[in-house]
Amino acid sequence: MTQATALTSFSTKPTKQDPYSYQVGFGNSFASEALPDTLPRDQNSPQRCKYGLYAEQLNGTPFVTPRAQCLRSWMYRIRPSVAHQGFTKLPDNPDLESTFLPLNPKVHASPTRLAWYPFDIPKDTISVDFVDGLKTLAGNGDPTFREGLAIHMYLANTSMKNKAFCNNDGDFLILPQLGRLDIQTEFGKLMARPGELVVIQRGLKFKIMLPDGPSRGYIQEIFGSHYVLPDLGPLGANGLANARDFEYPLAHFDADQSPWNIVYKLCGKLFNCSQDHTPFDVVAWHGNYVPYKYAMEKFVSVGSISKDHIDPSILCVLTAPSKTPNAPLADFLIFSPRWDVANGTFRPPYYHRNAATEFMGMIYGEYGGRSSSIQPGYASYKTGFCPHGVPYDEFKKATESDLAPMKVNEGSIGFMFETSMMLTITDYAMHRSGKLLHEHEPKMWDDFKAQFMDHLDEVKAELEAADLPNPLSGTRF
């Protein structure tokens, strides 16, 4: 045989930890059918769909959005989404927040660094699923403005049964930290383990099961825009998070005709919608508004191979634009294993005051590059222009040790939610969680010495040799 032709496009193969297959390619327009020849040919909304299915379009952007940014999908389902029995308002979750303006008495501004111990999983005496276990830590703006974000934890110990969730406020970027998430969506199934991220866009219905038991993780929710890959600029066509490593589900449907409840989040409020059939009845679909996942271990790290640091923007996996040109609403950065070979360089994170606000967490392993020890499930916060860097003992070690190539962040993945916006902190994070490790303790910096003062005689001699005035005359010790 001298020729061969592929029978289908590429899809991943199931593994022991992940029983599902996926299509690949960030932002692609996909097509998938769980029954052969179910997708209509040559049109989206035929007079009659095969098997009596209903055609339904889901739009993630306005109709007149430029084609390059337009997000939409067509679904062919057993019953349309309009087949439901109405909405009822649910009691407020006191730990779920959506309005982050300082006028809201339930959020607080902090000029200093904050840190939290790992948040507790619910006790096994009560059943808490993914939706019930949402806890908001911080945020900016409001979903009604279509600009802003929220940072949540999910703390759950039971799977969702005949219950689904639909977030009408924004896109969820979900980071499992403890235990896998088995996620069923209208477009198919995804399995996400610690070390993987999942993005479920605004308006999509999903349910989460916990195959490994109790689970904990982080969520960044963005209002108003969607995640995209950062531009690579001089890096060229490849590097950072490669588009081919993002995985999208294959069509999967249930024919379940039993009662279901769909919980909708709208303006931060929760509503229940009852229906007598599963929402996961999409037999076929095509489009580019589809949930996806990415394994962060696949990230292609970039760094200096001569001297100094490149700015942490080289760690960006995904970004979301704001309404202000060149100012991201949210950047998602990761700290994963890489080589540090910079010569003649202070290798730890340099002391800096950043215009962006930083919120950091740890997925697994240990990360020693911060002024507080970080452990999995932990969180920390630094507002814009808050000075930070390593403590004095780390400074001394970094300035006096012999430099050789070294592997950093080995066996670990940490992350940062970075935003050009200012964040406020919720009542839950500041008070009710019981996990606030510290508001910054200034005494941790007391060891910093004015080492310059040990060299005054040398400085004076240098100034005299250069015939320069001595601003140190009269210096008090």
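1. Strand β17 (residues 246–249) and strand β21 (residues 292–295) run antiparallel and are joined by 2 bridges. Two strands are said to pair if DSSP finds at least two bridges between them; strands (E, at least two residues) and helices (H or I, at least four residues) are DSSP runs, numbered from the N terminus. Within this pairing, F246 has Y294 of β21 as its bridge partner.

2. The model is predicted: local features need pLDDT of at least 70 and side-chain atom pairs count only at pLDDT 80 or more, while totals for chains, interfaces and linings use all residues. Residues are numbered from 1 along each chain as its sequence is written, and side-chain values use heavy atoms, with hydrogens and water left out.

3. Strand β17 also pairs with strand β1 (residues 22–24), in the antiparallel sense and through 3 bridges. Here Y22 has P249 as its bridge partner in β17. Buried means under 20% relative accessible area, exposed means over 50%, and partly exposed lies in between (1.4 Å probe, protein chains only).

4. The whole structure contains 26 aromatic pairs. Rings of Phe, Tyr and Trp (its six-membered ring) pair if their centres lie within 6.5 Å; planes under 30 degrees apart count as stacked, over 60 as edge-to-face and the rest as tilted. The pair F165 and F172 is stacked, because the ring centres are 6.2 Å apart and the planes stand at 25°. Both F165 and F172 are buried. The pair Y248 and Y292 is tilted, because the centres are 5.3 Å apart and the planes stand at 40°. Since Y248 lies in strand β17 and Y292 in strand β21, this pair ties together parts that are 44 residues apart in sequence. Y248 and Y292 are both buried. One aromatic cluster is formed by F26, F30, F246, Y248, Y292 and Y294.

5. Strand β18 (residues 260–266) is largely enclosed by the rest of the structure, because 5 of its 7 residues are buried. Strand β10 (residues 163–167) runs parallel to β18 and is joined to it by 5 bridges; in this pairing, F165 stands opposite V263. Strand β19 (residues 269–275) pairs with β18 over 7 bridges in the antiparallel sense, and W260 has Q275 of β19 as its bridge partner. The strands β18 and β19 form a hairpin with 2 residues between them, and C267 in the turn has a positive phi of about 55°.

6. In helix α3 (residues 456–465), the buried residues are L456, V459 and L463. They lie on the same side of α3, because they cover an arc of only 60° around the axis; the arc is that of the directions from the helix axis to the C-beta atoms. The exposed residues D457, E462, E464 and A465 are carried on the face turned away from the buried side. After α3 comes D467, whose phi is positive, near 55°.

7. The lining of the second largest pocket divides into 11 nonpolar, 10 polar and 3 charged residues. Ala, Val, Leu, Ile, Met, Phe, Trp, Tyr, Cys and Pro count as nonpolar, Asp, Glu, Lys and Arg as charged, and the others, Gly among them, as polar.
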